[in-house]
Amino acid sequence: MMFNKMQLKTRLYLTLGGLIFLVFIIGEWSLWQSSQINKRVDNIYTQEVVPLENISHLKGALYRIRDRSLRLLDAKEPLEIKHHKEIIAKQVQRIKKELDFYDNTRLSKEEQLELEKFQTNFQEYLSIIYNKIYPNLLKKSENELEPILYKEAIFEFRQAREALNELSEYQIQRAKLRHQHSDEIFSKQVIIIQLIILVIVSFSGFFAKMLMNSIIEPIKQINEVLTTISHEDFSKRIRVTSEDELGKMSQMLNNSIAMLQTTFHELSTLVNYDKLTNLPNRKMFQEEIEKCISRCHKSDELFAVMFIDVDNFKNINDTYGHTTGDKLLEIIAKRMKTHIRSNDLLARLGGDEFAILLQNIKNPTVPGNIANKILDTMQKPIYIDQHTIFTSISIGIYVSDHQNESRERILSYADVAMYAAKNSGKAKYIYFNKKMYEKQESETLLDIQLRDAVKNREFRVFFQPIVEPKTEALYGVETLLRWERDGEVIAPAKFIAKLESNGMILDVTYMIIEEVFEMIERRGFKNVVSINLSILQFYDENFIPFLKRVLQKYPSINPQKIYFEITESVFAQNNDLIFSTMELIKKLGFKFSLDDFGTGYSSLSYIKDYPINTIKIDKKFVDNLLDDVRAQELLEGIVYLAKTLHLTIVIEGVEDAATLKSVTKHNSVKIQGYYFYKPMTKESFERLLD
């Protein structure tokens, strides 16, 4: 009653004051509610989203350990095994680090049990790898290790993975509960705000609209976004319409969602795709093979796997650098992709290895047709940073035969066929057959034996003298390599190619040079010494520094008396590198002999363009010399040419007096052969010097 008696101005002031007070109370209450929602959003992010991200990291690391442990069975070289072990160790450290970051105080009892279960199974998994797999690598066959890895280790792996899956499920359920709680808070808040709005509307629709826009709409958006996050959908964002606390909170939440979305995308890409070429990686390729196998069991569908390796890729990396090598791999991937269908899968398995999965092919000839197209496109030159690079690939093909083969076995079959293509000349494709696998087992055994031979120093240096035919005086000696195993001396024809293919020839050559130089200095040998070089020596960046060191170590040696023997195969590729390396060796004082002259192309350009000092006529040329008049005339022409160019000629394979008489009418030649001396041990040669 008293209010009605008040003046209009007073009542207006009282009403406006009450409205202002009411708006002030509503504002303070809204800010408090916003802070509560902000805390809840922060709790959801830190207690659900962040642990989910940690679990994703744990899964990624666990899968990498599994993949690397599987690849250990295929590893044939200590360096490759060491590489896999290093990656496994790195992922183990990553798992330990992620577990340290995992806030155990926020875990429920069930989650704590699952985390402990994961740690227990993970430790058991590592124990099997460390104690049963590592010690037996290169000792036991793949078939002996497979049961351990595929039964014991994988069982523990799956238990650990299941524990992580349970943890993920608990986190998702907790997020849903928090979302439900947020919905309850939201519902209550809406009811209260709506009641107050009914009062405010009687005074001013503007204030009601302002309240709706500044409070209700942002809260609604926040709840909608939280709902999408609980379903692992990070595509939605909150529309920021103000710079108040709600606006700042919304902006912060948007930033957090964007960061989380990037993290999830990077994890997905890292797990399934190759970073360099953006192609599927080994993991994804193996999963697709698994799916293909499953489909083929239910139908008569055929599929094929093509295993692809870039020929001489290491030489390209060593010559042009790894950046150029990476660009080359990208170009090769793009060229291959143009020749496969949209439903086929091209993947990079690692390094310079690629693979193609051809699905639902009509007949076994389809992969060969595709391989031919890929080989043809690889014949075109590749231009990278002003370099013109010619390269090729070797392809191994496995076509499914409706046998119950595992994905690992299928990949190994295609891999064996690829190596068969390399060994038969490269730049071709070969289909897999069972005989290849038997041959690979034999090759693997030889590879293991040679590694043991290098480690146990089973290689011996033999010497075959070179004589002056008229006086029978010692002109020099050629060093030869022999393998002494279990009392048997094995000729180089049985192991040299394997030493070169696995790169061990480099260490063996270092051993030969060191041993020969020691003998030269100790005996004061002043004659010519010829040492054979592999083509790999010209790609070895450590070779020139090694020569400098041995010259310093043995100062009495005259490098002018040391001839490095090379064959025409050295000039088959990368002539610029070969020439520059020969010039560096020449500057140190060493000389070169061209071996096996008369059996290959015998190109005169080699003699003209490269620093060759001696030509060695091969035994195959000499064998029919007495009965071949043209060969005699050709030899006479070679001798005359060598004399004109101031080159020394050594004739190999002289084994009888008639041949000796035929070749010694040329006064300037030197003789090497069984007629004078057979290859002999170092001890026998030193007795000859005495």
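Buried, here, means under 20% relative accessible area, exposed means over 50%, and partly exposed is in between, with a 1.4 Å probe and protein chains only. By that rule Phe685 is buried, because its relative accessible area is 0%.

This is a predicted model: local features need pLDDT of at least 70, side-chain atom pairs count only at pLDDT 80 or more, and totals for chains, interfaces and linings use all residues. Residues are numbered from 1 along each chain as its sequence is written, and side-chain values use heavy atoms, with hydrogens and water left out.

Now the rings. Rings of Phe, Tyr and Trp (its six-membered ring) pair if their centres lie within 6.5 Å; planes under 30 degrees apart are stacked, over 60 edge-to-face, and the rest tilted. The structure holds 21 such aromatic pairs. One of them is Phe459 with Phe495, tilted, at 5.6 Å centre to centre and 45° between the planes. Phe459 sits in strand S8 and Phe495 in the loop between strand S10 and helix H14, 36 residues apart; helices (H or I, at least four residues) and strands (E, at least two) are DSSP runs, numbered from the N terminus. Phe459 counts as buried at 5% relative accessibility, and Phe495 does at 0%.

Phe463 and Phe685 are stacked, because their ring centres are 5.0 Å apart and their planes at 10°. Phe463 is in strand S8 and Phe685 in helix H22, so this pair ties together parts 222 residues apart in sequence. Phe463 is buried too, at 1%.

Finally, a cluster: ring pairs link Tyr510, Phe543, Phe546, Phe564, Phe590 and Phe592.
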